[in-house]
Amino acid sequence: MPLLLHNSLTRRKERFEPIDPAHVRMYVCGPTVYDYAHIGNARPVAVFDVLYRLLKRLYPKVTYVRNITDVDDKIMAAAKESGEEIDSITVRTARAYHEDMAALGALPPDIEPRATQHIPQMIGMIGTLIAGGHAYVAEGHVLFAVATKSDYGKLSGRSRDELIAGARVEVAPYKKDPADFVLWKPSAPDQPGWDSPWGRGRPGWHLECSAMSAEYLGESFDIHGGGHDLIFPHHENEIAQSECAHGGKRFVGTWVHNGFLVVNGEKMSKSLGNFFTVRDLLARAPGEAIRLLLLKTHYRAPLDFSDEGLRQAKGELDRFYTALRASADIEPEGGETPTGVMDALEDDLNTPLAIAYLHEMAGDLNSATDAAMKRRSKANLLYGARLLGLFATTPGEWFRWQPAGAATVGETEIESRIAARVAARKAKDFKEADRIRDELKAMGVMLEDGPKGTIWKRVG
Ligand code: AMP
Ligand code: ZN
């Protein structure tokens, strides 16, 4: 089956045709590093991680670029409020972001450019746009002249009037046209800034992505992604800048946008204050449960976040890991991603369907009677999960996980109580054996007696 992706530019599901099948190139807008990532920010990371894994499976070479925005007014505001140096905020937040996304099982991108390390490229691009008549200087700012791009608005599908009326377009006296947007803006002496032909200043956010994608992926590349909120103005403006700076050459073939993660119907965002950071959630659930929760909904649909949903995702993984633990001594046989999973993912990343197949395979593994069937279904399950970035841990580790701050009972203690229970059973003191089992249960440790002795897992 060919890979089909929904392209926001054409508003259709299309067959994905890379510019160069020997080298697929993808850019995803990364975080602005001033605060911990919330679970809404993690949604594109999980979605594009699956797309990256799938592309790597289908093509010989894939370059995935995800930037870090480390110069931005929100970062400046955070520094002013806390008194912490800007560099310290961005370095600390980027590190936390890496840790959090790794905990969700996301592979790091191949290249992770930082905006502040690409200022000369941005200044170069602005120079080209001015020379080409697409940008002008006004009061220390450089603005992109929207009227010079006849198909401006093609991605968001907005008419010019709608664009101007849009609340996100800032009206300023120095703009020739209210829809024009900033490429460069002046910096006060206490603000971060770089020398440029237009005075000391800093780049506009949209320009950062145009310059960094051109640097690492070239003037035209295959896939550009991000959350739905980035379509306008961010991606619309990236198209305008890049296509005008590159002689009208098509910027991106396929635009992929994930839907919002919502809480009670409202988009999760820092400004609304209705957010949970990934960090907080990692204290309550294993990273893989958060990942599964993010992938259980198709990426274009809204995802309603709830504690119950997270609990269910954890429960589903408990079931998977139980099947894997019960088949620990089975050597998987065969080495192919099962067709069901592959077809589902190739159909515009249908992760919920792929996960449904995994459940079916876990069922097959549980019910298989002969050894060959067991080996095959185990291999199917493991290969299918790999493409989704699941089962990154061992059943042993999975069942040892416990929430932060839980009344803990250490592993040595658990083992010694299990030994005491075995001794009690040997001595036919079943009352004592049950007491030990109940005591452990109260501490969140479940015992399971099997042919190979007693195994334990943490629950809760
Ligand atoms: P930001 O740091 O706000 O620029 O966001 C980083 C990424 O997270 C962008 O791709 C956003 O589109 C995405 N994003 C932010 N909030 C949400 C949300 N509630 N649901 C899904 N994606 C989001
Ligand atoms: Zn961007």
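**Salt bridges.** I looked up the salt bridges in this predicted model, and the count comes to 35. I picked the pair R325 and E448, whose side chains meet with 3.9 Å from N to O. R325 lies in helix α10 and E448 in strand β14 (residues 445–450), so this pair ties together parts that are 123 residues apart in sequence. I noted that R325 is buried, with a relative accessible area of 17%, whereas E448 is partly exposed at 29%.

**A pair within one helix.** I then turned to R417 and E413, whose side chains form a salt bridge at 2.7 Å, N to O. Both residues are in helix α15 (residues 411–426), four residues apart, which puts about one helical turn between them. I recorded E413 as partly exposed, at 34% relative accessibility.

**Neighbours and a network.** I found D438 in a salt bridge with R437, with 3.6 Å between the closest N and O atoms. I also saw that salt bridges with shared partners join E413, R417, E432, R435 and E439 into one network.

**Helix α12.** Which residues of α12 are buried? I listed T351, A354, I355, L358, H359, M361, A362 and L365. Seen down the helix axis, they fall within an arc of 165 degrees, so they line one face of α12. I found E360 and S367 exposed on the face turned away from that buried side. The buried residues pack against several helices, among them α1 (39–58) and α13 (371–388). At the N-terminal end, I noted N350 as the cap of α12, with a side-chain oxygen 3.1 Å from the backbone nitrogen of L353.

Terms used. Residues numbered from 1 in each chain as written. Chains lettered and ligands numbered in written order. Predicted model: local features only at pLDDT ≥ 70, side-chain atom pairs only at ≥ 80, totals over all residues. Heavy atoms only, no water. Buried < 20%, exposed > 50% of the residue type's maximum accessible area, 1.4 Å probe, protein only. Helix = DSSP H or I, 4+ residues; strand = E, 2+ residues; numbered from the N terminus. Arc of directions from axis to C-beta. Contact = heavy atoms within 4.5 Å. Polar contact = N/O pair within 3.5 Å; in protein donor to acceptor, adjacent residues only side chain to side chain. Salt bridge = Lys/Arg side-chain N within 4 Å of Asp/Glu carboxyl O.
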